[in-house]
Amino acid sequence: MFRFENPIFLYLLLILPLLWMMWRVSRRRQKKDIGKFGDPQLVEQMMENRSSYRPMVKFWLLMAALALLIVMLARPQMGSKISSEQRQGIEAIIALDISNSMLAEDVKPSRLDRCKMIVENMVDHFVDDKVGMIVFAGDAFVQLPITTDYVSAKMFMQNISPSLIASQGTDIATAIDLSMKCFTADDNTGKAIIIITDGEDHEGGALEAAKAAADKGIQVFVLGVGNSAGAPIPVQGGGYMTDNTGETVMTRLNEQMCQQIADAGKGIYIHVDNTSKAQEKLDEHIAKMQKGELNSVIYSEYDEQYQAVGIIVILLLIIEVCILERKNKFINKFKFFK
């Protein structure tokens with residue numbers, strides 16, 4: 001497989017047409033200047049040692065060398081071999097609630113933004129673990145399949161918002177069922193589902209789903225975000241969400257539900273507030289989980305190819321220097337260089 005490590009430098013190739021146009025203008029001016037001395041054909045006969053083609057050949061050699069130098073800056077690479085790597089770690093699926101209630105600001109800057117910060121910090125602590133991501137509201141879908149690519153995990157996290165799911169509500173059971181399907185078949189590796197929610201389960205079945213996960217050896221951790229006093233839900237354009245009667249909708253953390261789900265899933269419940277205690281507690285419990293040998297991670301190793309390009313550049317420059325603009329007896333035998 002071929003690729004460029006720094007492809008942005010390839011935009012420099014756009015200067016080549018500009019240089020060509022400048023050279024064309026220069027050639028035309030040169031012909032006009034020669035024409036000022038008299039009839040062009042007569043002047044041409046007086047300059048019998050002047051070559052018509054060599055300046056053009058030298059120019060294109062320099063252009064080719066410049067183009068290849070730009071390619072060198074882009075660092076061409078070739079995937080030449082396959083390597084495998086064994087890892088010792090756990091598998092964790094993060095199920096993030098993105099219902100509208102997660103926009104409440106009883107936790108700063110908001111419930112959802114606070115949860116994103118927790119997930120990013122948690123991923124930063126992962127070393128040899130696998131992580132996947134589920135987002136859910138009234139429905140659930142896989143945002144990121146289980147992977148060791150932590151950069152992608154953090155990148156996908158930035159784009160999460162309630163608008164990703166049209167069906168609103170909080171169906172924790174569906175999120176747990178989908179999470180269980182995302183793990184690998186390795187029975188020797190610790191597995192965890194980390195549910196981050198405000199606990200407003202509108203669909204039911206969450207306790208049964210958590211128990212089913214525990215029966216398969218999957219621990220269910222629940223991070224409850226918000227407070228029981230409740231908070232209004234901001235809407236776009238300002239103001240807060242209201243019900244059919246015009247009353248402001250208040251969303252409250254259902255800690256009892258969160259605790260019950262964690263108990264059924266043989267995990268723990270952690271309350272998320274404006275401190276870092278929830279993060280520290282989660283990291284502590286995850287660190288205690290059984291670490292198993294994960295499947296081999298297969299990837300392509302890329303070898304730098306700029307050395308070969310550099311050799312070609314040097315050859316082109318040597319040829320350009322060796323070609324004189326004046327004719328000589330030996331090269332005159334080749335009509336192309338006259």
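**From a helix end to the cores**

Just after helix α8, Lys266 takes a positive phi of about 55 degrees. The model is predicted, so local features need pLDDT of at least 70 and side-chain atom pairs count only at pLDDT 80 or more, whereas totals for chains, interfaces and linings use all residues. Residues are numbered from 1 along each chain as its sequence is written, and side-chain values use heavy atoms, with hydrogens and water left out.

The protein chain contains 10 helices and 11 strands; these are DSSP runs numbered from the N terminus, helices being H or I of at least four residues and strands E of at least two. Of its 338 residues, 41% are buried. Buried denotes a relative accessible area under 20%, exposed one over 50%, and partly exposed the range in between, with a 1.4 Å probe and protein chains only. The accessible surface of the chain comes to about 19,000 Å², and carbon and sulfur atoms hold 58% of that surface. Such areas come from the Shrake-Rupley method with a 1.4 Å probe, and for residues only the protein chains shown count as cover. Among contacts (heavy atoms within 4.5 Å) with a separation of 6 or more, 80% join residues 24 or more positions apart.

Helix α8 spans residues 255–264, and its buried residues are Met257, Cys258, Ile261 and Ala262. Seen down the axis of α8, they fall within an arc of 135 degrees, so they line one face of the helix; the arc is that of the directions from the helix axis to the C-beta atoms. These residues pack against α6, β6, α7 (206–215), β7 and β10. Cys258 has a relative accessible area of 0%, whereas Cys322, at 58%, counts as exposed. The structure holds 0 disulfides, a disulfide being a pair of cysteine sulfur atoms within 2.5 Å.

Helix α6, one of the elements against which α8 packs, covers residues 172–180 and includes Ser179. Ser179 is buried, with a relative accessible area of 0%. The side chain of Ser179 reaches the backbone oxygen of Ala175 at 2.7 Å. Leaving aside residues up to four places away in sequence, Ser179 touches Ile93, Ala95, Ile134 and Ile193.

Helix α9 (residues 277–287) buries Ala278, Gln279, Leu282, Asp283 and Ile286. Because they cover an arc of only 130 degrees around the axis, these residues are on the same side of α9. On the other side, Lys277, Glu280 and Ala287 are exposed. The cover over the buried residues of α9 includes α4 (111–125), β6 (191–197), β7 (218–225) and β10 (269–272).

The largest nonpolar core has 37 residues, and those with the most contacts inside it are Leu96, Ile194, Ile196 and Leu223. Such a core is a set of buried Ala, Val, Leu, Ile, Met, Phe, Trp, Tyr and Cys residues joined through side-chain atoms within 4.5 Å. At least two residues of this core come from each of β3 (91–97), α4, β4 (130–136), α5 (150–158), β6, β7, β10 and α9. The largest share, 6 residues, is supplied by α4. Not counting residues up to four places away in sequence, Leu96 touches Leu112, Cys115, Ile134, Val135, Phe136, Met157, Ile160 and Ile196. Apart from this core lies another, of 28 residues, among them Ile93, Ile172, Phe183 and Ala206.

Definitions and conventions:
Polar contact = N/O pair within 3.5 Å; in protein donor to acceptor, adjacent residues only side chain to side chain.
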